[in-house]
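Visitor: I've just opened this one and would like a walk through it. Could you take my questions as they come?

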Amino acid sequence: MNFDLKEKILRSVTKPGRYIGGEFGEILKDKNAVKCRFAFAFPDTYEIGMSNLGVRILYGVLNREEDIWCERCYSPWVDMEEQLRTHNLPMWAHESGDPLKDFDFLGFTLQYEMCYTNVVNLLDLAQIPLLSKDRSEEDPIVIGGGPCTYNPEPVCDFFDLFSIGEGEDALVEICRLYINMKENGTYSRKAFLHEAAKLQGFYVPSLYDVTYKADGTIEAYTPIYDDIPKRITKRIMKDLDQSYYPEKVVMPYIETVHDRIMLEVYRGCIRGCRFCQAGMTYRPVREKTPEVLNKQAKTLYEATGYDEISLSSLSISDYTCLDTLTTELLEWTDEAKVSLSLPSLRVNSFTPELMEKISGVRASGITFAPEAGTQRLRDVINKNLTEEDLLRACNVAFDYGKSTVKLYFMNGLPTETDDDIRGIAELARSVVSAYYKNPNAMKNRAPTVTVSVSCFIPKPWTPFQWEPQYTMEELRRKQTVLFEAVSKMKHVTYKWHDAKTSHLEGVFARGDRRLSKALLAAHRRGIKFDSWDEFFDYDAWMAVFEECGIDPAFYANRAYSEDEVLAWDIIDCGVTKEFLKRERKKAYAGVTTPSCREQCSGCGANKLGGERSCCPKVTS
Amino acid sequence: MLPKGNLLREPRAIRIKFAKTGKLRFISHLDLCRTLNSAFLRSGIPIWYSQGFNPRPKMVFALTVSVGAESVAEYLDIRITHEMSESEIAKRLQAAVTPDLAILEVYRPATKLQDVEYSEYAIYTEHPLDPDAVAAALKQPMMVMVHGKKGDKEKDITPQIISATVSGDRIDARLAAGQGNFLNPENFIKGLLAALDDPDCFYHICRTACYTADGTLFR
């Protein structure tokens, strides 16, 4: 019997199910009958990528087009990479098993900064030239999208173009442009990218020159053609009820991070926490109606057989029809033994009625995110949550037999003092004593309060985008202050994030296109899987920056001037710089901003339109 | 998605014979269980749930094959709570899984899954093996490292080899596959290749049939 190389390799790696495709629900087409082949790559493992809602949506939306075939690809694990390199085998797509380099498009979703090295590595494993400038007419068009493309500059040398904002319509449009130009004979890589840059929401970085000042800050972005926009406005789906939503899911054989139905309830957020990038970049708020959601949930249940539905949004409590939706869902989910989960609950909505409805029931704990330890600092970051609210919510959970509470915080927020840090410990102590004071709490079980603390990273498109990130030494000192305050407490566990990872994330979050050089150098050193603790190598990264003559502190730890040109000024995501400046001023004054539903704060995102939002309509 | 048939007085036992081939050979038994779990839920088959705090569709498998191996003789027992014909169950289940998981037969069992005593395997090797050398090797004790509850230990597996015939690059082997007396075909082929001084020869295993103690085909 003949055994091909792929068979032998698959038999030698761990979890071959990551690479084989063939899952129930995958979409197969005749490659000779389609006009455009799109490989959708997720630059992390299969288990993480398969759980991503955006990929599920875009896979469906592209494959709905008869003449487009979208396939999937994920970062191979290191044992698989070794096999591919040993045998000089190019990375393939799941559905057809064809090499990625044979596709028309290779799309990457950029979900977090720490996956950038995996992007470069995957290009390399696909045997596609790493840099856009080195690609020929035969190579695929490499396109990026996703949350990180609100500042795509650090990776721009590797991409031919970016899709900015929501991709449902945009990706089909760019494929249509490609097909049309191929058919009418006007296609060349150069001509295509020029045409693409004229469409709304497409950014072709090579068509913009960047100049720098003597101090290293950016002087200006200049388009090299007159007929392309000076700034790229993001795309949004205006009416989410009308927008495509998958009716089936590719069902992974192997266990993934989220094996459940993800029901996207609305986009955007009315809150405006000042550290939160998603809360700004997903604006304006656009809701779906409960009728549509209930129908989508039923369809997905019948197509998947998943026994859990997760209501997905940035802050589920703020959905105006939450009560109607959960009531309607429970009419059939209970009998079908399907549980509902509501992540991202706010404390003020944590009521006994809601507690009755959700199945968190099986889990023994609840999670809240106060983010800061004192009211003063919570006002600075506009996290409208009081200690009273938190304790009330915890008591509801205790009444229902819960005994574990997880609290998320951030270290290193602007204006933070050691008293604010010790406030985190005090808040945890209050939760513990609330448990013992609650007559309904479980008698024979001690409470566990987990305090999980990450390091603040100033992100583009937030009111804190100009703030310096604290140095690693200072972040470590802050962690020690908290450790000392918490270590004496009973029933409180303290978890913290490594400041080194946060520092690197801080560099790339606000980086400019000069950082592409560092990513290339990092790739040459074999750096990858930076979001995996077992691979993250801070010292190697510092050596990379040194080798490239890049000062990481310039990006992460510098106080940016409100007047300087920011790397992400090339993008327009809706909210204006004036709004962000106003919010920053209010932060320093300790003044909170009401939610969008209470009062419009004039962020500017309403110019993009949107149905079932709470924004004032723009009349033109 | 509610069951349409009448409620049965007692849950009815149903046996499903299926094949696990193609890409599915790379899927572990645990993952196969999860795959079938969701397949039953989306199929609308009125499967009986285990009782207790966390009810689950109840599935009992006969023996399983290791990752990498194929099988055209896998057996799974379920129970149904509502009336549904065997052919309808077969149709619905097949529609809820990929062709690599072929539903071969659905019936009401007259035997217990534990009645399986032997399995037959077709094992394909990268190159043809010498039948005389194989016959000679099988006459000697075959010492193999075997995973056990008390850790790995070396064991002579020849008593568990019922028969083995070679024809070109195919070996047909009948091996013990009973409760407490099970020979993993991987161990058999590894032991054989080691005895032939050909340990790196690549191979592929497919279970072709299961038999009861008296040598009749299991059903």
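Visitor: How many Å separate the centres of domain 1 and domain 2 of chain B?
Guide: In this predicted model, the centres of domain 1 of chain B and domain 2 of chain B, taken over C-alpha atoms, are separated by 28 Å. The domain assignment places domain 1 of chain B at 7–110 and domain 2 of chain B at 114–212.

Visitor: And how many residues of these two domains of chain B are in contact?
Guide: On one side there are 9 residues of domain 1 of chain B, and they are in contact with 13 residues of domain 2 of chain B. Sorted by class, the side of domain 1 of chain B that touches domain 2 of chain B has 6 nonpolar, 2 polar and 1 charged residues.

Visitor: Now the two chains. How many residues of chain A are in contact with chain B?
Guide: There are 22 residues of chain A in contact with 24 residues of chain B. Helix 1 (5–12) and helix 9 (290–304) of chain A each supply at least two residues of the side of chain A that touches chain B, and by class that side of chain A has 12 nonpolar, 4 polar and 6 charged residues.

Visitor: Let's stay with chain A. What does its radius of gyration agree with?
Guide: Chain A has a radius of gyration of 25 Å, which agrees with the value near 25 Å that a compact globule of 620 residues would have. Along its principal axes, the C-alpha trace of chain A spans about 75 × 65 × 55 Å.

Visitor: What is inside, then, and how many helices and strands does chain A have?
Guide: Chain A has 20 helices and 19 strands, and 50% of its 620 residues count as buried. If you take the contacts in chain A with a separation of 6 or more, residues 24 or more positions apart account for 77% of them.

Visitor: Which order do the strands take in the open sheet of 6 strands?
Guide: The order in that open sheet of chain A is 2-1-3-4-5-6, with mixed pairing. Strand 2 (68–74) and strand 6 (202–203) of chain A stand at the edges with a single partner strand each, so one side of each has no neighbour in the sheet.

Visitor: Strand 5 and strand 6 of chain A: parallel or antiparallel?
Guide: Strand 5 (residues 161–163) and strand 6 of chain A pair in the antiparallel sense over 2 bridges, and A:Phe162 stands opposite A:Tyr203 in strand 6 of chain A.

Visitor: Which helix packs on that sheet, touching strand 1, strand 2 and strand 3 of chain A?
Guide: That is helix 3 (residues 53–63) of chain A, which touches strand 1 (36–42), strand 2 and strand 3 (105–109) of chain A, and its direction makes about 155 degrees with that of strand 2 of chain A.

Visitor: Why is helix 3 of chain A called largely enclosed?
Guide: Helix 3 of chain A has 11 residues and 9 of them are buried, so the rest of the structure largely encloses it. Among the buried ones are A:Val55, A:Leu58 and A:Tyr59, and what covers the buried residues of helix 3 of chain A includes strand 1, helix 2 (46–49), strand 2, strand 3 and helix 6 (168–183) of chain A.

Visitor: And strand 3 of chain A, which residues are buried on its faces?
Guide: Strand 3 of chain A is mostly covered, with 5 of its 5 residues buried. A:Phe105, A:Gly107 and A:Thr109 lie on one side, and A:Leu106 and A:Phe108 lie on the other.

Visitor: Which residues are its bridge partners?
Guide: Strand 1 and strand 3 of chain A run parallel and are joined by 4 bridges, where A:Gly107 in strand 3 is the bridge partner of A:Phe40. Strand 3 of chain A is also joined by 5 bridges to strand 4 (residues 141–145) of chain A, again running parallel, and A:Phe108 stands opposite A:Gly144 in strand 4 of chain A.

Notes: Residues are numbered from 1 along each chain as its sequence is written. Chains are lettered from A and ligands numbered from 1 in the order in which they are written. This is a predicted model: local features need pLDDT of at least 70, side-chain atom pairs count only at pLDDT 80 or more; totals for chains, interfaces and linings use all residues. Two residues are in contact if their C-beta atoms, placed from the backbone, lie within 7 Å. Ala, Val, Leu, Ile, Met, Phe, Trp, Tyr, Cys and Pro count as nonpolar, Asp, Glu, Lys and Arg as charged, and the others, Gly among them, as polar. Domain bounds come from an automatic or database domain assignment. The radius of gyration is taken over C-alpha atoms; the globule rule is 2.2 Å times the number of residues to the power 0.38. A residue is buried if 20 or more other C-beta atoms lie within 10 Å of its own, exposed if 12 or fewer, and partly exposed in between; C-beta atoms are placed from the backbone. Two strands pair if DSSP finds at least two bridges between them. Axes are lines fitted to C-alpha atoms, for helices over the stretch in contact, and angles run from 0 to 180 degrees between N-to-C directions.
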